[in-house]
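Work through the exercises below with the sequence and model at hand. Try each task before reading its solution.

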Amino acid sequence: MIISHKIRLDPNHKQATYLAKAAGTARFAYNWALAEWQTQYAAWKDDNTQPKPNQMGLRRQLNAIKREQFPWMLEVTKNAPQMAIIQLGAAFKNFFAGRAKYPQFKKKGKSRDSFTLTNDQFAIDACRIRIPNLGVVRMRETLRFSGKILSTTVSRTADQWFASITVDTSTTLSANTQDHNHLPPAENQGAVGVDLGVSALATLSTGEKVVGAKPHKALLSRLKRLSRSLSRKVKGSANRHKAKQKLATLHARIANIRQDSLHQFTTDLTRRFHTIGIEDLNVSGMVKNRHLSRAISDMGFFEFRRQLEYKAGMRGAVVVVADRFFASSKTCSAAGCGHKVDKLPLSVREWTCPVCGAVHDRDVNAAKNLEEYAVSSTVSACGGEGSGSRCKPKVKPAPMKQEFNRKLDLG
C-alpha cells in the first residue's frame with residue numbers, strides 16, 4: 001500500500017528562500033514545457049513528419065539550454081524542473097484519457113507553490129530531511145510509516161512549508177501477508193447508514209447526529225474584514241503582501257478546522273462499523289444552489305467521502321454507495337412497509353407514512369434506508385453480512401485525538 005505522510009517543515013529564512021526558489025523554478029519549467037508542447041504539437045499536426053511532443057524530449061531540450069538561457073536553475077535541485085515536466089506529461093496523459101481537463105499555465109501567487117524530489121535526491125533522518133543544495137531542514141514530527149520511500153513533494157500553504165512523503169508500506173510486510181491494511185479492523189458493530197445534511201453534517205441510522213464544525217460560517221466576518229483590507233492596499237506594496245499573507249493564513253485555518261473535524265468523524269465511523277452506507281451526492285450540482293452553496297461547501301461532502309473510502313479500505317470495512325436517485329428520504333423505513341411517497345419537500349423535516357402510520361424524522365429515516373441498502377448489497381455480493389476475512393489489520397493507527405460533536409436524537 002502506498003501512503004503519503006504530510007509533515008510540516010520548520011525552515012529558517014535562508015532555507016525558506018531556497019524552497020521558494022525551487023518552487024518558482026518548477027513553476028517556470030512547467031509553463032515553459034507547456035508552451036513548447038503546444039508549439040510542437042501544432043507543428044506536428046501541420047506536418048506529421050515532425051516529432052510529436054513528449055515529456056522525455058522536453059526534459060532533454062531543457063537540459064541542453066538551461067545553462068545558457070536559464071543559469072539560475074542551477075541554484076536549486078535538478079529535480080525541481082525535471083519532475084515538473086514529468087508531471088506535465090502525466091497531466092496530458094490524463095487529458096487524452098478523458099480523466100482531466102487540458103493543462104493550464106500556473107500563475108505566480110495563484111497556484112500552490114510546490115516541487116517534487118525523487119527518493120535518491122533527499123534523505124530522512126528522524127525529524128530532519130536533507131535536500132540537495134540546501135542541507136538539513138527540521139520537520140515537526142518523524143515519518144509515521146515504515147517502508148520504501150518513493151518521493152516527496154514540498155509545498156507551501158500560506159506561510160507554512162510542508163513535505164508530503166510517499167511511502168510504499170507493502171515492502172515491510174511478510175510474504176505470507178494477504179492484507180496490506182494500515183489501521184486496525186473495524187470493531188464489527190454491524191452496519192450503519194449515514195445521511196449527510198446542512199444543518200447537521202451527518203445523521204446516523206443509530207439516531208446520532210453529528211454537528212459539523214462549519215468553520216467558514218464561524219470565521220466569515222473576519223474573512224470579510226481581511227478581504228476588504230486587502231482590496232484597499234496598493235498593488236505591489238509591502239502592506240498588500242502582508243494583508244495577502246493574513247488572508248491566506250485565515251483560509252488555511254478554515255481548511256484545517258474542516259479537515260480535522262472530518263478526520264475525527266470518518267475515523268470514528270470506520271473504527272466502529274464494518275459496513276457503511278452513504279449516498280452518491282451530486283456535490284457539483286448542489287453547490288449551484290445559491291441559497292445552500294456556502295453551507296454545502298462548508299461541510300465538505302466530497303472530502304468526507306474521500307476520507308471514508310480510503311480509511312474503510314485500510315480497516316477492511318466496506319463502504320456501499322447508494323445510487324444518486326435512491327429515494328432514501330421518501331421511503332418508509334418501518335419493517336415490512338417500504339412505502340414511497342410521491343413528494344417530500346426539503347422543508348418537511350418530519351412526516352408520517354400514510355400506509356403504516358409510522359412517524360419519521362426525515363434524516364434518521366434516510367439513514368436507516370441507507371443502512372438497509374448497504375446490508376442487502378453486502379449480503380448479495382459476499383454471501384453473508386460483513387465478511388470477516390476483510391477485517392484484518394497490520395499497522396497500528398497514527399496517534400490522534402478522536403473526538404467529534406455527536407448528540408443522540410431521542411425524539
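**Exercise 1: the sheet**

Strand S1 (residues 2-10) and strand S5 (residues 135-139) run antiparallel and are joined by 2 bridges. Strands here are DSSP E runs of at least two residues, helices are H or I runs of at least four, and both are numbered from the N terminus. Two strands pair if DSSP finds at least two bridges between them. This is a predicted model: local features need pLDDT of at least 70, side-chain atom pairs count only at pLDDT 80 or more, and totals for chains, interfaces and linings use all residues. Residues are numbered from 1 along each chain as its sequence is written, and side-chain values use heavy atoms, with hydrogens and water left out.

Task: find the bridge partner of Leu-9 in S5, then place the strands in order.

- Step 1. Leu-9 bridges to Met-139.
- Step 2. The open sheet has 7 strands, ordered S2-S6-S7-S1-S5-S4-S3, with antiparallel pairing.
- Step 3. S2 (114-118) and S3 (123-125) each have a single partner strand, so one side of each lacks a neighbour in the sheet.

**Exercise 2: two helices**

Task: describe how H5 (residues 220-232) packs with H6 (residues 238-272).

- Step 1. The angle is about 155° and the axes lie 9 Å apart; axes are lines fitted to C-alpha atoms over the stretch in contact, and angles run from 0 to 180 degrees between N-to-C directions.
- Step 2. H5 is therefore roughly antiparallel to H6 (over 145 degrees).
- Step 3. Contact means heavy atoms within 4.5 Å. Leu-223 and Leu-226 are among the H5 residues that meet H6, whose contact residues include Leu-247 and Ile-254.

How values were computed
Angles under 35 degrees count as roughly parallel, over 145 as roughly antiparallel, 65 to 115 as roughly perpendicular and the rest as oblique.
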